[in-house]
Amino acid sequence: MRDASLVTKLNLSLLAFFLVLGVATSAILVYGSKRAQDGASTRSREALEDLGSLALSAVVGGTAEQGGILFSNAETTGSRAAIYLETVGVRGSSTPAPDVRWTLYPSNGIRYVDDPDRVSDVMLLDGVDPADPAVQDEVAYLAPLDDLFPALMAGLSPANAAFDPAAISFIGVHGSGRYYPARGVYREVPPGMTLSKAAPQFEAVGPEADPDRRTIWSEPYEDNAGQGLVVTAETPVYEGDTFRGVIQVDLLIQNLMDQIDTIKPTPGSFAFYVAADGDLMKGAAYDRVTQAAAADPDFSAILDAMGSADQIDGVEVRKVRFDDAEYFVAFASMPSLGGSFAVASPVSEITASAEAITAGIEGESNRTLQIMLGAMGSLFVVGLAGASYLNRRVLLRPISELVSGARAIGGGALDTAIPVRAHDELGTLAEAFNQMTTNLNETEGRYKRIFDSSADGLIISRLDGVVVDANAAACEMHGYSHEEFIAIAAPAHIHPRYQQQRDAWVEAMRQGLPSSLRAVAIRRDGSTFDVDVRTVPLQYRGELHLLSVLRDVSVEVRAEQVLEVRVEERTRDLQLLLEVSQNVASVLEVRDLAGRVLDRLGSVFAHDGAGMLVIEADEVRVLQTRDAQGLGDPELVDSRFRLPLVGPAGEAITTRRTVVVADVLADPELAAQQAGVPGRAAAGRSWLAAPLIVQDRVLGVLTIWSAEPDMYGPDDAELATAVANQAAIALENARLFAEASTVAALEERQRLARELHDSVSQALYGIALGAQTARQLVESEPTRAVDPIEYVASLAEAGLAEMRALIFELRPESLASEGIVSALEKQVAATRARYGVAVVADLPEEPDVPLRVKEALYRIAQEAMHNTIKHARASRIDIRLAASAERTQLEIRDDGSGFVADGDFPGHLGLRSMRERAEAVGGTLTIVSTPGTGTTVRADVPRQPVS
């Protein structure tokens, strides 16, 4: 009866619940449907307005961005032309400048090239001298633009031809220019356009005003060519660090306005443009915009905002009202150009489709409501029938027992069991539940045994760090008993500096991620030890915990620290060897070499003194010494001792190996010898002596000593040996250099003798023979004596030129008094006379540059002409010297056989020496040559040489 009463009450309760739920749900659906219809209609209209605003914003933003990209292309075009002129211009070619004939246009003083087949207009500003070498050089420099301008113009033309460029031009700093396309623009230049009048334009993009070499846009202006309002992208052009002029790309503002007038997102839309100075540009909507601004303050405010384009962030959209209608006005700045672009669209056209959407929403809402009410009635009947069926089954008691058992298991009571009251699904569930608890007990036991027997420390802790369990290994590591360990404050066993990292562990655990690191743990007695920790998330007693696996790695850490110290010492030794090698490699004076080696040894070895001794015949000379403060002993330097030496130094020389003496006083014989050592070295107790050996020859010995015993060991001996080997090589290099210098002087004398024999002696012999012939003819046939006399005069002139060149080679210091121009003229005259080669010199007045620069350039010219005569078989040599305020340039060009130039010049010592001379004064050397096309050697050095 009790079960039946419970089922009846449950059925009645469910019936009442479903009835109330059905009525309430139906009322809510009807009310909600109506509200949804009204809200959807309103929101659809608002959404259409938002979508229209976004679409308008996208149109304006896209058009502004497209215009910015197209204007940016003009910037890129100027930059490409500047790069082309710098890297591939005429200064990289051996082709001479073209012969240009100028015609004067009298109305404005402009000179131009009158060529009907010209690609571009070539002009000189009023007052520019076409004979000026700088102007001629600039005209030649700009010649490649005839090939470049058409390609740049074609690359600037996009699919939308409204943004085609109007023209591309170049104005040089010396007053020359080119304008493309050629249409006689020189006729439209206003009178008085001189170089001084164009100077402010150069200053605006020159090195001082524009050090970053950026492209600068001009304000809109009326074009001289009569094309209307234009803007110009002005890009500076440099050759190296020399400012050469400005590339200009002109774009028509009218093209932009024609493009803007075509933009109509809706039938009633219109577009307009405000320039950077705040002026409204004239277009199809000019009158309408002007009237709207006069009638509506909000619209006028939009025009004011557009006048400050640099303060517009992205695309702005505002709603205004004029002409008795609401409008959306979207505006944005035009990148690069500096102005602002806007589109206005009627709100009514944007939301015209809202009424149709509202009607559709109402119809669909009513149909949906009918379907939902029918479905709810069906579900009510089915639910009530299902509830009646289930309630007829005995559910409450078995379910309650299962719930209680599950709660007990969740609380950790794994021995919980529930009675099996029937052989149905609930009975089967009860049996499975009891079997699960039995399995859990067995698994718990196995895991507990594994947990306790693990050699690694295992700790289970809550997320706040409180330890809830730990195995024996973890307790032993930390010096606690199990009861003490789980009672300590959280987390007292972790070093404080790792607490913040532990917070990161916890956050990783919440995301189910494992974590591992090396940390420092604290024992009960306060001592610390290094551990590797790996932590994983763990469900323990129904809650999220952390399982940490700890391994004591103190021994490994100590070993790593020892290894790091050893690596640091080895690195120090290698650094010493590297520094000694770098220092001695460039030193050819032996005393300076010894000082540098001893200084570097003193920075590494603890010592009271050091010295380097060299063997000379049957004696040993003290080359250099150092004490603990890095000072030498002048009285001991250059002292000499007869071989064989006694003591550690003598033993090192005799045995050819490094000698280490731990304590001199331990050997009475050695102590007696040491007492006789001159200077402070007599106080040395620890000694280290390394022989200086090259190719099985002992050159000397390197010694280090200390007043303290046991200062040096095997590692020190190894390092000192390596340093001694480096020093020995440097000593040998110094000796070989001295020998090479002697040989070079002898070869130079022999060369001068050959030159005198081959040139001056031959000239003197010819003079004598010609004079004798002339004397005979004067007596017999005086009229025929003129030819031999002129022959004698020419030989005398050639011999004089030859002697001057040879004297100059012997006395190059005359560069300081006579100058490089005079020196080059002598060299040119000697080359003509000696070899019969046509030498054409283009030399300016004496340049005001330091003597170092003059010497380097003269030697480069001398070597280049010598190479031409010796190897190139040339018939003509051109030499040109040019100087500016910043740089000096020397160019030697021949029409000889040429060769394959290699950057490193393997086997060509002359070519390498020319490059080294140019680099020594901070300049560069360029060699351009291919077989059959001659050779060009070009040196470019700064006016002030680099130290």
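**Local geometry, sheets and helix packing in the predicted model**

Arg873 occupies the loop that separates helix α23 (851-872) from strand β26 (876-883). The model described here is predicted. The phi angle of Arg873 is near 55°, a positive value in a residue other than glycine. The relative accessibility of Arg873 is 71%, and because a residue is classed as exposed over 50%, Arg873 counts as exposed. A positive phi is also found at Asp710, again near 55° and again in a residue other than glycine. Asp710 belongs to the loop between strand β24 (697-706) and helix α19 (714-780). With a relative accessible area of 58%, Asp710 is likewise exposed.

The chain as a whole contains 24 helices and 29 strands. Of its 947 residues, 41% are buried. When contacts between residues at least 6 apart in sequence are considered, 60% of them join residues at least 24 apart.

On the α22 side, the contact is made by Ile820, Ala823, Leu824, Gln827, Thr831 and Tyr835. These residues meet Lys854, Leu857, Tyr858, Ala861, Gln862, Met865 and Ile869 of α23. By class, nine residues in the contact of α22 with α23 are nonpolar, three are polar and one is charged.

A separate part of the chain forms an open sheet of four strands, arranged in the order β10-β13-β12-β11 with antiparallel pairing. Strands β10 (270-274) and β11 (315-322) stand at the edges of this sheet. Each of these two has a single partner strand, so one side of β10 and one side of β11 are left without a neighbour in the sheet. From one strand to the next, the twist averages 25°. Within the sheet, β12 (residues 325-333) and β13 (residues 340-346) run antiparallel and are joined by seven bridges. In this pairing, Phe331 stands opposite Ala342 of β13. Helix α7 (residues 297-306) lies across β10, β11, β12 and β13. The direction of α7 is at about 155° to that of β11.

With β19 (residues 609-616), the pairing is antiparallel and extends over eight bridges. Gly611 has Thr625 of β20 as its bridge partner. The two strands β19 and β20 form a hairpin with two residues between them. In the turn of this hairpin, Ala617 has a positive phi of about 60°. The pairing of β20 with β21 is also antiparallel and comprises three bridges. Here Glu619 is the bridge partner of Arg642 in β21.

Strand β20 is mostly covered, with eight of its nine residues buried. Gln624 is located in this strand. The relative accessibility of Gln624 is 12%, and because the limit for a buried residue is under 20%, Gln624 counts as buried. When residues up to four places away in sequence are left out, Gln624 touches Arg591, Ala594, Gly595, Leu598, Ala610, Gly611, Met612 and Val637. Among these neighbours, Met612 is 12 residues from Gln624 along the chain, and the C-alpha atoms of the two are separated by 5.5 Å.

Cis peptide bonds were also identified. One of them joins Leu643 and Pro644, where omega is about 0°. Pro644 lies in the loop that leads from β21 (640-642) to helix α17 (647-655), and β21 is the strand that pairs with β20 over three bridges. Another cis peptide bond joins Tyr180 and Pro181, with omega about 5°. Pro181 is placed in the loop between strand β5 (176-180) and helix α4 (195-205).

Conventions
Residues numbered from 1 in each chain as written. Predicted model: local features only at pLDDT ≥ 70, side-chain atom pairs only at ≥ 80, totals over all residues. Heavy atoms only, no water. Pairing = 2+ DSSP bridges. Axes fitted to C-alpha atoms, helices over the stretch in contact; angles between N-to-C directions. Contact = heavy atoms within 4.5 Å. Buried < 20%, exposed > 50% of the residue type's maximum accessible area, 1.4 Å probe, protein only. Nonpolar A, V, L, I, M, F, W, Y, C, P; charged D, E, K, R; others polar.
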